[in-house]
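Biologist: Please take one close look at how the side chains pack in this model. Give the cut-offs as you go.

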Amino acid sequence: MVDPMARALPFLGGVRSVRGVRADFVPRIGGVPVTVDKWESLRKLKPAHRKRVTALGFIWDDLWRAEQVHGDGIAVVPRASGGAGRLLPNVDGLLTSGEQGALLGIYVADCAAIYLADRETGAMGLIHSGKKGTEQEIVLRAIEMMRSEFGTQVDDLEAAISPCIRPPHYEVDISVQIEGQLLGAGIPREQVTMSGVCTGAEVANYYSYRMESGKTGRMLALLGRKGDTPGA
């Protein structure tokens, strides 16, 4: 079997090329039993996810997560640090000014995780976009918030779209729609990368809510910064 990481992670090349940025995408964890209860499955997956957070140079308490309600809500991560379990309610997107130590996390199992990294200001965004979020154009809202909050210009953004479900395993191709939204916003084509991997077609390597009828785990998208901040 081909290592899923060898296939999935090249899509993060552009984002990882931004100075100081660290990004990861954690696929299916073999040997961990999962249930229809999302939070119970995440509890079982936490030790493996914690190891990947550590491998990026962070600790678990650095991690900010979104509740993920399939809406278009986005939150700017607070500057104050401290405390485990930093779960921001009623949002599907997280933004940060790119200060060192902040780590963003999004869980997916068919939906797409969208990574945004600003080469000039150091701002970053990590967005959960399934069918509903894509219809609501949550990624465009994220880009506009990055502009208003951090002064981001679309020409400076590197964007990446994670593995997600695609036809014929799903009725719409959310990754193509998201790519169109990113390009329509003005991000240069060479700065937008899609994984191209369908989670529904590769259940041995990725969790798929649809193909596993809800009895599944979650992949973890991670985006943070260690080291120099652009523009500093």
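Modeller: A polar contact is a pair of N or O atoms within 3.5 Å; within protein, one must be able to donate a hydrogen and the other to accept it, and residues adjacent in sequence count only if both atoms are side-chain atoms. The model is predicted: local features need pLDDT of at least 70, side-chain atom pairs need 80 or more, and totals for chains, interfaces and linings use all residues. Numbering runs from 1 along each chain as its sequence is written, and side-chain values use heavy atoms, without hydrogens or water.

Start with Asp-24. This residue sits in strand 1 (strands are DSSP E runs of at least two residues, helices H or I runs of at least four, numbered from the N terminus). Strand 1 spans 21–26. The side chain of Asp-24 makes a polar contact with the side chain of Arg-52, at 2.9 Å. Asp-24 has a relative accessible area of 6%, so it counts as buried (under 20%; exposed is over 50%, partly exposed in between; 1.4 Å probe, protein chains only).

Now the rings. Two aromatic pairs are counted (Phe, Tyr or six-membered Trp rings with centres within 6.5 Å; planes under 30 degrees apart are stacked, over 60 edge-to-face, the rest tilted). Phe-11 and Phe-25 make one of them. Their ring centres are 6.1 Å apart and their planes meet at 80°, so this pair is edge-to-face. Phe-11 lies in the loop between helix 1 (4–8) and helix 2 (13–16), and Phe-25 lies in strand 1, so the pair ties together parts 14 residues apart in sequence. Phe-11 and Phe-25 are both buried.

Phe-11 also pairs with Tyr-115. That pair is edge-to-face too: 5.8 Å centre to centre, 70° between the planes. Tyr-115 is in strand 7 while Phe-11 is in the loop between helix 1 and helix 2, so this pair ties together parts 104 residues apart in sequence. Relative accessible area is 4% for Phe-11 and 0% for Tyr-115. Phe-11, Phe-25 and Tyr-115 form one aromatic cluster.

Next, the core. The largest nonpolar core has 46 residues (buried Ala, Val, Leu, Ile, Met, Phe, Trp, Tyr and Cys joined through side-chain atoms within 4.5 Å). Phe-25 and Tyr-115 are among those with the most contacts inside it, along with Leu-12, Val-15, Leu-94 and Leu-223. Elements that each supply at least two of its residues include strand 1, helix 3 (38–55), strand 7 (112–118) and strand 11 (219–225). Another core, of 23 residues, lies apart from it; Leu-95, Leu-157, Ile-187 and Val-192 are among its members.
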